[in-house]
Every structure is written in structure tokens, then in C-alpha cells.
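Reader: I would like to learn how to read a model of this kind, feature by feature. Please give the general idea where there is one, and then the case at hand.

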Amino acid sequence: MTATEPSDDEIRDAMNRADAEAAEEQAASAPPMPVYPRKAMSVGALGDLLDKATSTGLPDALVGGAGLGVGATCVMSARLLPNPEYPSWVERSGVWVPLVAPRSGGKSPALRIARAPLDDVEEAAYEMWRREIEDWESAPKKERPPRPARQRWTVDDVTLEMFMRVMDTTGGRCAAAVDELRTHLAGMGRYRSGGDGGDRARWLSIWDGAAVSYDRVGSDVSIRVSAPTAPIVGGIQPQYVNLLGDDEDGARARWLPHYSPGTVTATPTPPATEWDAWVRKTSVLSQPRDWHLDTATYRTWRGAVARWKDTERRTDVSAAVAGAASKADRQALRVALVLSELDAPGGGGPIPPEAMTGAVALVDYAIGVWEVLGGTTEMFATSRREETLISVADRLAGWVAERGGRVTRRDIGRAKPCGIRKAAQLDEVLDEYRALFPRTVRKEPAPGGGPETMVVYAPRDPRVSLSAPPNPGVVDTVDNVGR
């Protein structure tokens with residue numbers, strides 16, 4: 001080694017300094033995390049939910065987002081006419097709210113607290129419907145009136161077909177409030193061997209509130225919903241935000257993300273009595289009511305729209321930010337509608353000033369979140385891999401269904417379907433399969449005795465109870481036998 005040649009220690013120190021400088025430069029150039037506008041969003045009963053649910057450590061953004069999504073579900077009968085002289089322009093409460101946080105970030109507790117009173121309302125409605133069905137079935141067939149329709153607000157099977165079936169019986173209204181939003185997003189094109197069958201375009205139309213038709217070839221299913229209202233709220237981890245859609249087709253811009261990057265420790269939360277009372281009262285108000293903008297709220301809204309349009313035209317912002325800005329005018333009207341009902345449930349009339357102020361602040365916040373999360377071309381390093389795994393797991397579900405709905409892990413290993421060639425690849429795909437289709441992978445005794453083997457069911461196999469609570473000894477276990 002010559003006198004001018006650096007030593008190993010000097011090289012290592014130089015590399016460490018370079019890494020540190022690069023990290024500092026990256027941190028300095030990263031957009032700041034936007035602050036959830038809690039004060040502006042504390043309108044009516046939502047303020048009570050925010051106070052109670054965050055008092056034990058749940059993040060403001062996740063509680064506020066959960067409350068917005070559940071609140072939108074409760075006011076699906078309301079609508080906003082931005083200009084009553086032009087009744088063709090109508091906005092409803094169909095907001096789509098992803099609660100973005102890492103594992104143990106508080107997504108599920110926030111949503112569980114927000115939707116608890118709505119679950120009680122739905123349970124009571126279900127029990128009443130069951131009694132009506134029993135009376136209907138006990139009547140002589142010739143004397144039976146039309147079969148009683150079930151009153152419902154949300155669905156757990158969040159495929160397009162289920163949404164359309166429910167909206168066909170509820171005046172075009174159906175919502176989803178799910179712990180794992182990823183399952184819903186993957187289900188948009190599930191069981192389609194030749195693509196998504198137009199499901200993606202239909203979902204975009206549903207958000208727009210445009211008429212949607214759904215027909216299933218070879219059956220009597222033919223549904224048309226003229227004015228769909230479909231709020232969606234659910235949790236998703238940051239590495240999966242690419243599933244929210246592409247910047248190019250505007251799918252991503254239809255979401256109002258609420259982001260909390262940290263983790264929390266779940267603790268008991270004091271009852272939000274005002275929130276519970278509001279949900280129980282408002283969710284059963286089925287009569288239509290109209291809200292509109294008065295001069296003051298129109299000026300507030302138009303001022304924000306001009307600012308958002310400037311953002312959309314800028315060349316120094318990401319495609320995700322520009323896309324969010326392009327939908328911001330409509331997003332603000334929908335949020336304002338929900339906040340108005342939180343202030344005066346079932347009221348109608350002019351949008352209160354605080355509702356429009358809160359809506360503008362919330363949309364600004366969501367645009368800021370998109371600036372942090374990035375767009376389609378700025379996804380996390382694992383996004384493409386995760387997207388591939390989801391695609392293969394979906395294809396595997398179709399393969400299992402074609403073979404009777406039940407196969408063993410050994411069957412999959414021998415057949416090598418969907419491009420799965422190695423045992424390690426199969427392990428990864430089955431992990432994703434479990435996440436997408438809970439309780440479909442389980443250990444079962446081999447016929448005639450012998451060691452247990454892993455069995456994989458098709459997601460819609462009637463032998464799989466998707467509503468049953470997990471049994472750690474039976475469901476979603478890893479089989480090391482026969483690999």
C-alpha cells in the first residue's frame with residue numbers, strides 16, 4: 001500500500017459519511033408530513049369521537065378518517081346541489097377513505113370505535129328482518145306478499161357483484177367499512193380469467209355517481225343502478241397504497257387518504273356518547289334531503305377550487321398531487337355534505353360555513369398526504385413485488401375453484417399452476433392467499449389417518465365459513481408436512 005492510498009478504515013469512514021450525507025439530503029428534500037386538521041373537522045358529533053378515541057393514544061388522522069367514512073355511510077340519503085338552478089349536478093356522500101398506517105398503527109381500533117354504533121343498528125335491523133322472513137315463510141304460498149327486503153348499510157363481501165345486488169334493493173346505496181381494504185382492492189377484478197371484466201371502469205363510475213349496469217352471462221342477474229352512493233373506508237398498510245389505482249386513469253385521485261406513520265398501543269377508549277347517539281339517529285333517516293351552497297360557502301369553495309386548479313397545472317408536482325387536485329372540488333363538496341349532517345342531521349338547506357371550512361382543510365390535508373406517499377411511479381420498492389403476489393394469489397383462487405374448490409398443498413406443488421415453480425414461491429403465494437382470503441387455508445387430517453396436511457379452499461367455497469371467528473388451532477396455519 002503506497003503512502004497516498006487510503007486505508008480500509010479511511011475508506012469505511014468515507015463511505016459512512018457519504019451515506020449519512022445522502023440520508024440528510026433525502027430527509028431535507030422530503031415533503032413534510034401534513035397535520036390532520038382536527039380543529040376544523042371537529043364538527044358536531046365528530047368532535048366527540050375525536051376527543052374520546054384519541055384520548056388514549058389513537059392518531060387523530062385515523063380516528064377522523066374512520067369517522068368520516070362511517071358518517072358518510074349514515075347520510076347516504078342526503079345529497080348536495082351545488083347550484084339548485086342546475087339540478088343535474090348532484091354530489092352525494094360517496095367518499096373513499098383509506099386509513100394508511102403500518103401494522104399496529106391503530107387502523108382497526110379507530111374503525112372499530114367509529115363503526116360500533118352502526119354495527120348495533122345493523123344487528124337490530126337484521127334481527128327484525130329475520131322475524132319478518134319467518135312470518136313470511138310460515139304463511140301459505142298463495143297468500144304471501146312480496147318477500148321482505150333486508151335493510152342494510154354495509155357489506156363485508158366487497159366485490160362489485162355484491163355491491164350491485166345490495167344497491168339494487170336499497171335505492172342505490174351501499175357502503176363498505178372493512179379492516180383490510182387490501183382485500184377489497186384486490187377483489188375489484190377477482191375471478192376474471194380475461195381481465196377484470198369491466199369492473200374497474202364500473203367502480204370509477206360508482207364513485208362519480210353515474211349510472212352503472214351489471215349483467216352476469218348465463219344467469220338472471222341484470223342490475224342497473226341510476227345514482228349509486230358507495231362510501232368506502234378501511235385500513236391499508238403504506239406498502240400497498242399502489243393498489244389504490246393509477247394516476248393516469250384518475251383512480252388514485254378518488255381516494256382521500258388519512259395517514260399515520262407510527263405505531264400505537266391499543267387501550268380501552270371512553271364511550272363517545274354523542275357520536276353513538278348521532279349514528280343511531282342519522283343512520284335510520286331514510287328520507288331524501290337536499291343541501292346547497294349559499295353565497296358565503298360558494299365563495300369559500302370557489303376560492304379553494306382556484307387554488308387547487310393552480311396546483312393541478314403546476315409542472316413541479318407529482319402526478320399523484322396533480323390528480324388529487326383535479327378531484328378536489330368534488331371531494332370538498334362531499335366532505336362538506338357529511339359535515340353538514342354531523343352539524344344538523346337530516347336538516348337540509350344551506351351548507352354551514354364551518355362545514356365548508358372543514359371540508360377545504362381536509363382536502364388540503366389529503367393532497368399533502370399524497371405528496372408524502374407519492375404516485376404510481378414513486379411507489380415503495382416492494383410495491384411491484386406485492387402487486388405480483390396479489391395477482392398470482394387471485395389466479396390461484398380461480399385455479400382452485402376450477403378443481404372443485406378444494407386442493408392440498410401437495411396438489412399445487414405437483415401441478416405448478418400460475419407460474420409457481422418452487423416451494424419457496426408457493427410459500428409466498430399462500431401467505432398472500434391467506435391475507436386476501438381469510439380462513440381459506442387450514443390444516444386437516446389426511447383421509448384414513450396419518451399426518452395433517454395443508455388444504456386450500458376457493459374463497460367462495462360453501463365449505464368455508466368466512467364469517468366464523470378464526471381458530472388458531474385449525475385456520476391459517478403453516479403445514480410443514482409434505483412440502
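Reader: What percentage of the residues of the protein count as buried?

Author: This is a predicted model, and 48% of its 483 residues count as buried. The secondary structure comes to 16 helices and 12 strands. Among contacts between residues at least 6 apart in sequence, 74% join residues at least 24 apart.

Reader: How should I read a sheet, and in what order do the strands of the open sheet with β1 stand?

Author: Strands of a sheet pair through backbone hydrogen bonds, and the pairing is either parallel or antiparallel. Here 3 strands form an open sheet in the order β1-β8-β9, with parallel pairing. β1 (78-81) and β9 (349-350) stand at the edges with a single partner strand each, so one side of each has no neighbour in the sheet. Helix α12 (residues 328-343) packs on this sheet and touches β1 and β8. The direction of α12 makes about 125° with that of β1.

Reader: How many bridges join β1 to β8?

Author: There are 4 bridges between β1 and β8 (residues 289-292), and the two strands run parallel. As an example of a partner pair, L80 has W291 as its bridge partner in β8.

Reader: Is strand β2 enclosed or open to the outside?

Author: Burial means under 20% relative accessible area. In β2 (residues 96-100), 5 of the 5 residues are buried, so the strand is largely enclosed by the rest of the structure. Both faces are covered: W96, P98 and V100 are buried on one side, V97 and L99 on the other.

Reader: Which strands pair with β2?

Author: β2 pairs in the parallel sense with β6 (residues 232-236) over 5 bridges, and P98 stands opposite G234 in β6. β2 also pairs with β7 (residues 258-259), again in the parallel sense, over 2 bridges. In that pairing L99 stands opposite H258.

Reader: What does phi look like at S104, and where is S104 found?

Author: S104 has a positive phi of about 65° although it is not a glycine. It is found in the loop between β2 and α5 (107-138). K416 is another residue other than glycine with a positive phi, near 50°. K416 is found in the loop between α15 (409-415) and α16 (423-436). With a relative accessible area of 36%, K416 is partly exposed.

Reader: How do I read the cover of a helix, for instance α6? How many of its residues are buried?

Author: Helix α6 (residues 160-167) is mostly covered, with 6 of its 8 residues buried. Those residues are L160, E161, F163, M164, V166 and M167. Their cover includes β3 (176-180), α8 (199-208), β4 (212-215) and β5 (222-225).

Reader: How far apart are the end C-alpha atoms of α13, and what should the helix span?

Author: The expected span of a helix is 1.5 Å times one less than its number of residues. Helix α13 (residues 353-373) has 21 residues and should therefore span 30 Å; its end C-alpha atoms are 31 Å apart, which agrees. Just after α13, G374 takes a positive phi of about 85°.

Reader: What does A336 touch, and is A336 buried or exposed?

Author: A336 lies in helix α12 and counts as buried, because its relative accessibility is 0%. Leaving out residues up to four places away in sequence, A336 touches I351, A355, M356 and A359. A336 and P353 are 17 residues apart in sequence, and their C-alpha atoms are 9.2 Å apart in space.

Definitions and conventions:
Residues numbered from 1 in each chain as written. Predicted model: local features only at pLDDT ≥ 70, side-chain atom pairs only at ≥ 80, totals over all residues. Heavy atoms only, no water. Pairing = 2+ DSSP bridges. Contact = heavy atoms within 4.5 Å. Axes fitted to C-alpha atoms, helices over the stretch in contact; angles between N-to-C directions. Buried < 20%, exposed > 50% of the residue type's maximum accessible area, 1.4 Å probe, protein only.
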